[in-house]
Amino acid sequence: MTLSDIRGNDAVVTALRQMLGTGRIPHAIMFSENDGGGAMPLVLAFLSELYPNSAGKVAKLIHPDVHFIFPVTAGSKVSDKPSSEAYLKWWRELVTANPWFYESELYSALGIEGKAVRIAVGEAEYILDKLSLTGVEGGYRTVFIYLPEKMNREAASRLLKIVEEPPQDTLFLLITHAPEKVLQTISSRCLMIRVMPPSAAESASLHPESSDAEGLRDLFADIIGAIIRRNLSEALEAADAVAALPSREVQKAFCIKAGEGLRNIFLLQQGREDIASFSPEEGEFLRGAASSLKKNFPRLALSRLDKAMAMLEANVSQKILFTDLVCKWYVNI
């Protein structure tokens with residue numbers, strides 16, 4: 001895959017081509033996307049052109065100078081000393097099969113669905129060790145970090161200096177679903193690139209389960225619409241529908257979609273539609289919500305949503321959890 005194979009995000013493709021053509025590549029680039037939104041194909045295409053003589057190795061995720069970090073925990077496939085390296089086999093299988101994967105699909109592939117995941121300090125030590133060595137094939141050494149918002153503070157602190165002042169020909173590429181949750185000490189050192197999501201039709205061809213994702217977005221729209229209309233009964237009916245979703249992983253996926261919606265509403269309220277990220281089909285609803293909700297609603301609602309996601313890891317009643325969440329959103333309108 002090369003940048004010529006990428007559909008959409010023309011401005012991003014053009015910018016990446018200019019970097020490669022001029023050789024002026026920032027030492028750290030953070031791609032911000034919606035879950036399953038297409039940043040991974042962009043990164044892989046960029047790396048294929050960064051390593052033109054080893055594009056096959058990049059495509060198979062086996063280039064010796066490209067190191068992958070992603071959130072993990074102990075699970076059915078790795079129970080002792082979990083790390084990105086220990087899970088690398090299943091990471092490669094997932095990404096090569098479908099680089100448009102959803103976050104929940106990663107945890108399912110790794111056998112850690114339903115568990116709290118993180119990027120721990122051991123991953124930072126692994127990267128520092130790898131970057132202390134000369135590159136195997138010469139040229140760039142690349143560190144790819146998926147979901148840096150899952151990085152704990154100790155790991156970020158260990159990486160900060162090398163991200164700020166990396167060795168020559170060292171590149172950090174990051175993909176985030178929640179840029180506001182990435183520690184500022186890391187994000188401030190990165191060039192931020194927003195990856196726009198595919199249309200509904202494109203998403204249907206890229207994600208076999210895209211109708212499920214559309215259903216989760218519809219549930220979020222039902223809740224917000226009912227709140228705007230001041231109809232608590234309808235909002236609670238939608239909350240019951242979320243609680244009735246078939247698993248905690250699907251409920252987490254709802255929370256991710258809701259978070260994306262709230263961030264877009266916030267950006268629209270700030271007059272920054274240029275960096276918001278939503279499909280044309282979502283635009284009318286999001287713009288209407290942005291004009292109807294108080295300016296502080298998205299921030300307060302995101303805070304409540306984060307707490308709900310954390311509670312999903314515990315053995316709590318989903319009905320009580322999502323009823324409480326929607327009630328708190330309702331009073332914050």
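Modeller: A pocket here is an open set of points on a 1 Å grid over the protein atoms alone, where a 1.4 Å probe fits and protein lies on both sides within 12 Å along at least five of seven lines; lining residues have an atom within 4 Å of a point. A volume is the space filled by probe spheres set on the points, which are joined across faces, edges and corners. The model is predicted, with local features needing pLDDT of at least 70 and side-chain atom pairs pLDDT 80 or more, while totals for chains, interfaces and linings use all residues. Residues are numbered from 1 along each chain as its sequence is written, and side-chain values use heavy atoms, leaving out hydrogens and water.

Biologist: OK, what volume does the second largest pocket have?

Modeller: About 410 Å³, with a lining of 19 residues, among which P179, E180, R263, F266 and L267 lie nearest the centre.

Biologist: And which helix gives the most to that lining?

Modeller: Helix 12 does, with five residues; helices are DSSP runs of H or I with at least four residues, strands are runs of E with at least two, and both are numbered from the N terminus. Strand 5 (191-194) and helix 14 also supply at least two residues each.

Biologist: What about the largest pocket, what is its volume?

Modeller: That one comes to about 600 Å³, and of its 26 lining residues E103, K150, K181, I256 and M309 are the closest to the centre. Helix 12 again gives the most, here with eight residues. The lining divides into twelve nonpolar, three polar and eleven charged residues, where Ala, Val, Leu, Ile, Met, Phe, Trp, Tyr, Cys and Pro count as nonpolar, Asp, Glu, Lys and Arg as charged, and the others, Gly among them, as polar.

Biologist: Staying with helix 12, at what angle does it cross helix 13?

Modeller: Their axes cross at roughly 65° and come within 9 Å, the axes being lines fitted to C-alpha atoms over the stretch in contact, with angles from 0 to 180 degrees between N-to-C directions. Contact, meaning heavy atoms within 4.5 Å, is made by G261, N264, I265, L268 and Q269 of helix 12 with L286, R287, A289 and A290 of helix 13. Those residues divide into five nonpolar, three polar and one charged.

Biologist: Now the sheet: what is the strand order?

Modeller: It is an open sheet of five strands in the order 2-3-4-1-5, with parallel pairing; two strands pair if DSSP finds at least two bridges between them.

Biologist: Why is one side of strand 2 and of strand 5 left without a neighbour?

Modeller: Strand 2 (66-69) and strand 5 stand at the edges and each has a single partner strand, so one side of each has no neighbour in the sheet. Four bridges join strand 2 to strand 3, and H67 stands opposite V143 in strand 3.
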